[in-house]
Amino acid sequence: MSKILPMAGGEDWMKQDYDIRVVLFDLGNVLVDLGSIAEMHTMLNTHGEESDVWRKWLRSPTVAAFDSGQISFDEFAERLPKEVGSHLSKEAFKASFKAWPKGLFEGALALVSAVKPEYHRAILSNTNAAHWERLMDEMGLAGHFHSYYASHLVGLVKPDRAIYDHVLDQLQIAPEQILFIDDNQLNIDTANELGMQAYRVKGIVEARTVLDEYGVLSS
């Protein structure tokens with residue numbers, strides 16, 4: 001996690017007034033298991049550290065076009081391999097990409113359900129038409145949140161400020177009233193610049209640690 005949280009109950013913690021009203025979840029690598037970085041290496045024709053690969057992903061114009069709903073899955077599967085110099089066939093790429101989300105991490109739905117009812121639960125995720133039905137129906141995320149801000153549906157992507165502004169406009173609250181967890185530092189940086197309480201986490205254990213510290217979970 002990129003921020004260091006004070007210990008719950010400590011003097012510094014008690015002096016803070018966070019007035020959180022919204023708990024905002026990213027999906028990939030927070031609630032949803034995306035598997036090993038090897039799969040991204042295959043799709044992006046890359047090597048190296050996970051953070052560098054994710055930076056390349058988020059800065060790809062083809063990824064941004066697909067995740068914002070501007071191009072079809074077929075066009076995405078034709079353009080991205082060419083962009084990164086991959087020799088994967090279109091059909092092989094489509095099969096690999098569609099199967100990329102493995103499923104929910106164990107305890108994911110229990111964590112979401114543990115958020116106290118007075119908080120507005122929402123999703124803010126860079127996702128796409130190839131994954132959305134699997135996430136909502138096959139993995140059972142539909143019905144567990146009050147609001148769903150999926151990049152391909154709103155036409156905007158993280159880490160661009162516009163998608164955060166869209167969320168704030170839709171919810172009509174101050175950024176300081178949002179507790180946001182995401183697995184990517186670029187996305188966290190934008191949220192923090194806007195004033196959100198934003199933390200980089202990976203998986204259920206780290207996510208629960210942040211939510212526990214803010215007191216938004218039922219005991």
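Helices here are DSSP runs of H or I with at least four residues, strands are runs of E with at least two, and both are numbered from the N terminus. What you're looking at is a predicted model, so local features need pLDDT of at least 70 and side-chain atom pairs count only at pLDDT 80 or more, while totals for chains, interfaces and linings use all residues. Residues are numbered from 1 along each chain as its sequence is written, and side-chain values use heavy atoms, with hydrogens and water left out.

Let's start with a strand. β1 covers residues 22-25, and both of its faces are covered: Val 22 and Leu 24 are buried on one side, Val 23 and Phe 25 on the other. "Buried" means under 20% relative accessible area, "exposed" means over 50%, and "partly exposed" is in between, using a 1.4 Å probe and protein chains only.

Who are the neighbours of β1? Strand β4 (residues 120-125) pairs with β1 in the parallel sense over four bridges, and strand β6 (residues 178-182) pairs with β1 in the parallel sense, also over four bridges. (Two strands pair if DSSP finds at least two bridges between them.) You can pick out partners by eye: Leu 24 has Ala 122 of β4 as its bridge partner, and Val 22 stands opposite Ile 178 in β6.

Now over to a helix. α5 runs through residues 73-84, which makes 12 residues, and reaches 17 Å from its first C-alpha to its last, close to the 16 Å expected at 1.5 Å a residue. That expected span is 1.5 Å times one less than the number of residues. Its buried residues are Phe 73, Phe 76, Ala 77, Leu 80, Pro 81 and Val 84. Seen down the axis of α5, they fall within an arc of 110°, so they line one face of the helix; the arc is that of the directions from the helix axis to the C-beta atoms. The spacing makes sense, because an α-helix has 3.6 residues a turn, so residues three or four places apart point the same way. What covers these buried residues includes α2 (37-44), α3 (50-58), α4 (61-67), α6 (90-98) and α8 (129-138).

Follow the chain out of α5 and you come to Gly 85, whose phi is positive, near 75°. In the loop between α5 and α6 you'll also find Leu 88, which counts as partly exposed because its relative accessibility is 28%. Leaving aside neighbours within four places in sequence, Leu 88 is in contact (heavy atoms within 4.5 Å) with Thr 42, Pro 81 and Phe 93.

Val 53, Trp 54, Trp 57 and Leu 58 are buried in α3, and down the axis they fall within an arc of 135°, so they line one face of the helix. They pack against α2, α4, α5, α6 and α11 (185-194).

Most residues other than glycine have a negative phi, and most peptide bonds are trans. Asn 29, in the loop between β1 and β2 (32-33), has a positive phi of about 70° although it is not a glycine, and Asn 29 counts as buried because its relative accessibility is 4%. Gln 172, in the loop between α10 and β6, has a positive phi near 55°, but at 59% relative accessibility Gln 172 counts as exposed. As for the peptide bond from Lys 158 to Pro 159, it is cis, with omega near 5°; Pro 159 sits in the loop between α9 (151-154) and α10 (161-171).
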